[in-house]
Amino acid sequence: MFWNLTGTRKRQSVVCRFPNGKLVLYCKGADNVIYERLADGNYDIKKTSREHLEQFGSAGLRTLCLAYRDLSMDQYKSWNEKFVQAKSSLRDRDKKLDEVAELIEKDLILIGCTAIEDKLQEGVPACIETLSAAGIKIWVLTGDKMETAINIAYACSLVNNDTKQFIISSETDTIREAEDRGDPVEIARVIKESVKQSLRSYLEEARRSLSNTPERKLAFIIDGRCLMYALDPALRVNLLGLSLICHSVVCCRVSPLQKAQVTSLVRKGARKITLSIGDGANDVSMIQAAHVGIGISGQEGMQAVMASDFAIAQFRYLTDLLLVHGRWSYLRLCKVITYFFYKNLTFTLTQFWFTFQTGFSGQRFYDDWFQSLYNVIFTALPVIMVGLFDKDVSASLSKKYPQLYQEGIRNTFFKWKVIAVWGFFAFYQSIVFYYFTAAASQHGHGSSGKILGQWDVSTMAFTCVVVTVNLRLLMSCNSITRWHYFSVAGSIAAWFLFIFIYSAIMTSFDRQENVYFVIYVLMSTFFFYLTLILVPVIALFGDFLYLSLQRWLFPYDYQVVQEMHKDDPHEYSMIRLPERSHLSPEEARSYAISMLPRENSKHTGFAFDSPGYESFFASQQGVCVPHKPWDVARRASMKQQRQQPQRTGRS
Amino acid sequence: MSVSGSESAASANKPKYSKFTQQELPACKPLLTPGIVIGAFSLIGIIFVPIGLASLSASQEIVELIDRYDEECVTASDKIGFIQDSKANKACTRKITVPKPMKGPIHVYYQLENFYQNHRRYVQSRSDQQLRDKDYKDPKAVAKACDPEATTGDGSLIVPCGLIAWSLFNDTYAFSVNKKSVTVNKKDIAWASDKNSKFGSNVFPVNFQKGGLIGGGNLNDKLPLSEQEDLIVWMRTAALPTFRKLYGRIETDIMASDEITVVIQNNYNTYSFGGTKAVVLSTASWIGGKNNFIGVAYVAVGGICLLLAMGFVVLYVVKPRALGDPAYLSWNKEAAEYSH
């Protein structure tokens with residue numbers, strides 16, 4: 001029988017019966033939890049295994065330790081009773097199982113350790129670099145060892161040799177000494193004290209570094225055990241302060257619960273928008289704790305996907321999701337919302353000016369049906385088209401200039417200033433609509449000299465409002481598709497169609513036939529056509545002037561990018577998500593050579609490079625794997641650096 | 001997992017490509033470049049100025065004479081009492097000198113000020129169904145629509161009901177040019193749609209102005225509503241508190257320096273609420289009555305646009321910015337500031 005590896009337990013055990021009746025308990029798990037449960041003695045094996053583990057870790061492999069224990073029949077039987085009891089208990093089953101497992105998983109004898117290479121997905125380092133350029137801070141929360149985690153960080157360019165690293169680890173000598181003494185209370189106290197000191201001193205150092213040498217990047221690395229104490233309410237503030245100052249944060253050996261706690265810390269403490277992305281069941285709580293949770297569907301199953309807000313297939317699609325679609329969505333939302341307020345404000349204020357001249361009696365300016373259908377038919381469809389299709393720059397340019405993402409971070413399109421400008425123009429336009437139509441309608445019209453009534457004036461004003469508001473939308477679009485033309489023309493046509501029909505009928509349901517035949521009367525006068533040309537032009541005049549001046553004197557970043565690329569051909573078939581490398585061998589070679597590390601780094605990030613690298617184990621075994629030509633060149637330049645990890649491993 | 005297996009699985013999951021769903025519709029990407037801005041302003045200027053000048057010239061040719069008479073036509077100190085006295089002689093003679101030749105037909109309007117035909121309770125006080133349909137006699141609906149002028153004291157329905165009809169304007173004007181009287185043609189002063197459809201040709205006034213308070217003019221009981229053009233014109237409520245309505249037309253021409261004598265029956269009571277009355281004589285052209293506003297507006301807007309076009313040329317010369325200059329990107333600007 002066996003019982004399972006969980007995130008919190010970090011180990012898995014199985015009890016076997018040999019054919020000769022011998023009972024053995026085999027246990028595998030993370031190295032620290034196995035080492036805690038080893039019997040005394042066998043110091044050499046432990047030391048050698050530790051060295052191997054460090055070596056594997058520096059090479060970026062994921063490690064496990066294996067141990068065993070012989071069991072006698074009585075031991076097993078008595079333990080099994082407790083185990084069965086725990087398994088069938090109704091309350092706190094997990095806790096009881098843990099306790100029971102503790103009883104038997106002790107005094108283990110170490111067998112050795114294993115290492116697995118776990119490749120990073122294709123395109124991950126490039127993706128992370130792009131997102132950092134976009135102003136997104138990236139934290140790595142992993143259950144792996146510190147060496148592995150640091151290696152991952154190097155591979156992703158989160159950390160490089162120039163980066164100042166602040167490391168809080170639970171593997172320091174003081175803590176080891178306390179552990180040897182064995183008093184859990186004292187261990188906790190020592191760890192907490194050391195974490196507190198480290199946090200305080202690192203925070204000061206970070207602040208100093210930031211003010212003296214701002215271009216030097218800072219990285220903060222902490223492991224799960226210290227994190228447990230650092231998340232204490234007393235130390236949390238310093239932790240958050242230090243994390244926010246540093247450019248990247250790596251937390252290693254974190255449990256799923258701690259991942260969620262760290263995410264909540266940033267979300268609530270720093271009040272920033274957080275996004276977490278993960279692919280396994282251990283990432284579910286983190287995904288749910290962040291503002292936006294993204295699950296990568298893939299080899300580790302679908303739990304992350306099911307708990308997430310968005311699911312993508314590969315990590316590198318995150319750039320598309322954020323920089324392209326996220327940015328466009330922000331832009332579209334701002335446009336739709338501000339436009340909606342503008343068009344309703346214009347429409348309503350035009351009526352408002354009328355109230356001053358009705359003796360404040362509350363007489364409506366527009367007919368009831370005009371008002372009801374304004375937002376439903378006459379101005380609804382174009383704004384939907386904008387919300388679906390508006391793009392300030394194309395997808396490839398969005399990825400080429402990740403700094404454009406800052407517009408969203410800084411909320412440039414929904415500031416009070418932006419809304420005030422829209423509000424001002426709504427006010428100005430409403431004055432134009434009301435006073436120009438009213439003033440122009442005072443006198444007789446046409447050679448018959450007949451006079452227009454109130455409903456004629458209001459229909460005229462309403463026509464101007466509908467036409468202007470729809471044209472204003474076209475003015476504020478960055479990319480106009482034929483659907484925009486259809487919807488704008490369609491809305492204006494719908495208005496005319498509606499008024500032609502509505503004013504031509506008399507039904508027994510209406511108490512008053514206010515707008516009977518109004519549009520035909522209007523269209524028989526020159527006043528109608530002259531006003532229809534004049535008033536929208538005057539109304540849009542202010543907006544046009546403002547937009548021209550703004551683009552020339554204070555251009556937004558996306559406007560500059562638009563101008564830079566205005567002569568690019570349309571790239572419709574080029575916006576496909578890259579599924580696999582379509583590079584020819586020559587391109588692949590030149591790409592690989594360009595990817596060669598330029599600095600003399602202790603960390604090769606070897607295990608996490610893009611596919612095509614040479615297997616660590618194959619070379620250890622002396623197995624000859626057929627190489628690509630570019631790979632040879634690559635290895636040649638890497639040769640000197642390979643000596644160093646082995647040197648540190650042996651010290 | 002084999003590579004080829006994943007490939008076919010991936011293509012099986014891929015959604016069907018369409019330009020609409022993948023947001024790859026061909027689009028026009030307008031940029032407000034200097035050329036477009038200057039071009040747009042110039043175009044508007046070039047189109048609007050001639051239209052404005054044409055409208056203005058048409059409007060300038062129109063001769064309009066306005067004569068306010070309500071103050072001077074009542075000499076008694078108690079104006080309201082005078083007006084409400086049904087036996088007093090309310091005739092009033094006014095003289096207008098014509099400055100420029102007026103080509104017929106000359107339109108005669110009465111102009112009222114401070115009269116809120118657009119007041120909410122006033123506007124809703126009518127029943128259009130009653131006006132066009134003689135069989136419409138639903139007393140409750142009529143009462144609701146036309147309150148307070150729906151029924152007489154004994155409960156019989158008034159046709160046409162409502163405050164608008166009740167307050168019908170009833171001053172009359174009799175014109176003579178150089179002592180020779182001219183007739184005022186009172187036909188075709190209302191819009192055809194009103195006459196033909198909104199006011200029934202078989203609906204006759206019933207119990208009109210028979211109540212205690214008389215609000216305005218009376219109606220000929222023998223004429224159907226569709227021929228009561230004064231009523232029709234009056235019931236097309238005006239948009240603003242200062243308005244004019246068509247009274248009739250003088251079909252003959254009037255020469256310059258002719259003297260027009262108007263004999264006004266000053267019946268209508270605007271004195272209770274501080275309103276004013278005036279008689280207006282105006283020629284008409286394709287643009288309608290004298291309306292400088294449209295002409296002035298067009299010329300002004302056209303002129304401003306041309307000025308702005310020139311202004312923008314100056315702006316682009318004085319403050320040039322190369323289109324698409326990366327130095328204007330905010331991150332480059334920050335880096336430039338930073339390095340200083």
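**Cysteines and rings up close**

Modeller: Happy to. Let me begin with the torsion about the S-S bond of B:Cys146 and B:Cys161, which is about 40 degrees, so this disulfide is right-handed. Please keep in mind that the model is predicted, and that holds for every value below. The sulfur atoms of B:Cys146 and B:Cys161 are 1.8 Å apart. B:Cys146 belongs to helix α6 (residues 139-146) of chain B, while B:Cys161 sits in the loop between α6 and α7 (163-166) of chain B, so the bond ties together parts that are 15 residues apart in sequence. As for accessibility, B:Cys146 and B:Cys161 are both buried.

Searching the whole structure gives two disulfides over all chains. The other link to describe joins B:Cys73 to B:Cys92, again with an S to S distance of 1.8 Å. Here the angle about the S-S bond is -70 degrees, and the link of B:Cys73 and B:Cys92 is left-handed. B:Cys73 is found in the loop between β2 (64-68) and α3 (79-84) of chain B, and B:Cys92 in strand β3 (residues 91-97) of chain B, so this pair connects parts that lie 19 residues apart in sequence. B:Cys73 and B:Cys92 are buried as well. Counting bonded cysteines along chain B, the disulfides follow the pattern 1-2, 3-4.

Now for some cysteines of chain A. For A:Cys156, the closest cysteine sulfur is that of A:Cys127, and it is 9.1 Å away, too far for a bond. A disulfide needs the two sulfur atoms within 2.5 Å. A:Cys156 has a relative accessible area of 3%, so it is buried.

On to the rings. The count comes to 68 aromatic pairs over all chains. One of them is formed by A:Phe413 and A:Tyr556, with 5.3 Å from centre to centre and 80 degrees between the planes, an edge-to-face arrangement. This pair links distant parts of the chain, 143 residues apart: A:Phe413 is in the loop between α18 (406-409) and α19 (416-440) of chain A, and A:Tyr556 in the loop between α23 (526-553) and α24 (557-564) of chain A. The two partners can be described by their accessibility: A:Phe413 counts as buried at 9%, whereas A:Tyr556, with a relative accessible area of 26%, is partly exposed.

Another pair is that of A:Trp552 and B:Tyr316, whose ring centres are 4.5 Å apart with the planes at 70 degrees, so this pair is edge-to-face. It crosses between chains, running from A:Trp552 in helix α23 of chain A to B:Tyr316 in helix α10 (residues 292-318) of chain B. Both A:Trp552 and B:Tyr316 are buried.

Finally, here are some charges over rings. The charged end of A:Arg50 sits over the ring of A:Tyr35, at 4.4 Å from the ring centre. Likewise, A:Lys343 places its charged end over the ring of A:Phe340, 4.0 Å from the centre.

Methods:
Residues numbered from 1 in each chain as written. Chains lettered and ligands numbered in written order. Predicted model: local features only at pLDDT ≥ 70, side-chain atom pairs only at ≥ 80, totals over all residues. Heavy atoms only, no water. Helix = DSSP H or I, 4+ residues; strand = E, 2+ residues; numbered from the N terminus. Buried < 20%, exposed > 50% of the residue type's maximum accessible area, 1.4 Å probe, protein only. Phe/Tyr/Trp six-rings, centres within 6.5 Å; stacked < 30°, edge-to-face > 60°. Lys NZ or Arg CZ within 6 Å of the ring centre and 35° of its normal.
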